[in-house]
Amino acid sequence: MANAVSGMAVHDDCKLRFLELKAKRTHRFVVFKIEEKQKQVVVEKVGEPAETYEDFAASLPENECRYGVYDFDFVTAENCQKSRIFFIAWSPDTARIRSKMIYASSKERFKRELDGIQVELQATDPTEMGLDVIKGRAN
């Protein structure tokens with residue numbers, strides 16, 4: 001069903017890949033993009049379990065908006081192995097205004113389709129989603 005605000009549908013593959021990341025841990029991250037012509041959110045890239053956060057950050061285009069989901073593993077101060085699923089709305093300052101508006105207006109509905117997101121970040125440049133920021137928000 002398309003979103004009344006932005007008219008963007010969510011391709012079934014988006015939910016499927018997210019479930020694989022969340023339940024089976026077969027992906028480290030998933031990058032989603034909005035296909036304006038088809039008016040839907042689609043999967044652009046899937047990261048293998050061995051890929052790092054740097055691989056994820058590098059897969060976000062410098063001048064275009066994207067949504068990303070990253071499965072972050074970490075060890076707590078009590079030495080417990082934990083994981084947090086991050087939703088990152090990547091909207092660089094250099095992206096087209098129209099693109100930023102479409103991504104911003106579609107974000108909430110898209111996020112609702114992905115049940116299990118634990119932390120959300122909005123980033124306009126790489127420093128706002130650096131590994132130090134992720135670590136700080138994970139706890």
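Author: The account below goes from the chain as a whole to the loop and then to the pocket.

The model is predicted, so local features are reported at a pLDDT of at least 70 and side-chain atom pairs at 80 or more, whereas totals for chains, interfaces and linings use all residues. Residues are numbered from 1 along each chain as its sequence is written, and side-chain values use heavy atoms, with hydrogens and water left out.

The chain contains 4 helices and 6 strands, where helices (H or I, at least four residues) and strands (E, at least two) are DSSP runs numbered from the N terminus. Their order from the N terminus is β-α-β-β-α-β-β-α-β-α. Along the principal axes, the C-alpha atoms fill a box of roughly 45 × 30 × 20 Å. Of the 139 residues, 42% count as buried (buried means under 20% relative accessible area, exposed over 50%, and partly exposed in between, with a 1.4 Å probe and protein chains only). Among contacts (heavy atoms within 4.5 Å) with a separation of 6 or more, 61% join residues 24 or more positions apart.

The loop in question lies between α1 (12-24) and β2, and His 27 is placed there. His 27 counts as buried because its relative accessibility is 11%. Its side chain makes a polar contact of 2.6 Å with the side chain of Glu 20; such a contact is a pair of N or O atoms within 3.5 Å, in which, within protein, one must be able to donate a hydrogen and the other to accept it, and residues adjacent in sequence count only if both atoms are side-chain atoms. Leaving aside residues up to four places away in sequence, His 27 touches Arg 17, Glu 20, Leu 21, Val 46, Gly 47 and Pro 49.

Arg 28 is found in the loop between α1 and β2 and is buried, with a relative accessible area of 14%. The side chain of Arg 28 reaches the backbone oxygen of Pro 49 at 3.3 Å. With residues up to four places away in sequence again not counted, the residues that Arg 28 touches include Leu 21, Gly 47, Pro 49, Tyr 70, Asp 71 and Asp 73.

Arg 25 also belongs to the loop between α1 and β2, but is partly exposed, at 36%. Most residues other than glycine have a negative phi; Arg 25, however, has a positive phi near 60°.

Of its 13 lining residues, the closest to the centre are Glu 36, Glu 64, Arg 66, Arg 96 and Ser 99.

Key. On a 1 Å grid over the protein atoms alone, a cavity is a set of points where a 1.4 Å probe fits but cannot get out, and a pocket is an open set with protein on both sides within 12 Å along at least five of seven lines; lining residues have an atom within 4 Å of a point.
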